[in-house]
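Dear colleague,

Please find below the structure that I am handing over to you. A summary of the findings follows it.

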Amino acid sequence: MFKRNPGRFIHKITLMKPSKPKRDELGGLSETTYEPVIELFAMCEQKDQSRQPFVGDYVTADTRYFVFREIHEPIDASWRLQYRDFTYLINEVKLIDESRPYFIQVTATAVNAGGGII
């Protein structure tokens, strides 16, 4: 059980919802874009920062836990998260406390503008 001290929820994050892909006249799908939907404060903990092999080279993967209070929008791993000018891929979303107010924990990994792991 984590400490629910409101003073720990100081990190401003933005949750971004994916667009619904549209079909073109040839049947192909448009590229997914992400629109900011919710801005809120969260608790942020470093999970790990490790070097991982990526296309013949090593990159540093920055993975963090974000904890925030329940929101009225159902989020999943298709969403993105913005924090400190970085975009994070959401790896996992889980409810960590079943009593009110509900708390959600999101595990996310930072990515660069091209979609690769930072």
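Leaving aside its neighbours within four places in sequence, which residues is R80 in contact with? Please note before reading on that the model is predicted. With those neighbours set aside, the contacts of R80 are T14, L15, M16, Y34, T87, Y88, L89 and I90. R80 itself belongs to strand β4, which covers residues 80-83. Although R80 is buried, it has no salt bridge. The nearest side chain of opposite charge is that of E31, at 8.8 Å, whereas a salt bridge requires the nitrogen and the carboxyl oxygen to lie within 4 Å.

Next, the nonpolar core. The largest one contains 19 residues, and those touching the most other members are I13, L15, F66, F68, L81 and V106. At least two residues of this core come from each of the strands β1 (11-18), β2 (34-54), β3 (57-69), β4, β5 (86-97) and β6 (103-111).

The salt bridges come to a count of 3.

- E45 pairs with R8, with the closest N and O atoms 2.9 Å apart. Because E45 lies in strand β2 and R8 in the segment before β1, this pair ties together parts that are 37 residues apart in sequence. E45 is partly exposed at a relative accessible area of 35%, and R8 is partly exposed at 29%.

- K12 and E39 meet through their side chains at 3.2 Å, N to O. K12 is in strand β1 and E39 in strand β2, so the pair joins parts that are 27 residues apart in sequence. K12 counts as partly exposed, with 48% relative accessibility, while E39 is exposed, with a relative accessible area of 54%.

- E73 forms a salt bridge with K17, the closest N and O atoms lying 3.2 Å apart. This pair links distant parts of the chain, 56 residues apart: E73 is in the loop between β3 and β4, and K17 is in strand β1. E73 counts as partly exposed at 25% relative accessibility, and K17 is partly exposed with a relative accessible area of 36%.

With kind regards

Terms used
Residues are numbered from 1 along each chain as its sequence is written. This is a predicted model: local features need pLDDT of at least 70, side-chain atom pairs count only at pLDDT 80 or more; totals for chains, interfaces and linings use all residues. Side-chain values use heavy atoms; hydrogens and water are left out. Helices (H or I, at least four residues) and strands (E, at least two) are DSSP runs, numbered from the N terminus. Buried means under 20% relative accessible area, exposed over 50%, partly exposed in between (1.4 Å probe, protein chains only). Lys and Arg count as positive and Asp and Glu as negative; His and the chain ends are not counted. Contact means heavy atoms within 4.5 Å. A nonpolar core is a set of buried Ala, Val, Leu, Ile, Met, Phe, Trp, Tyr and Cys residues joined through side-chain atoms within 4.5 Å.
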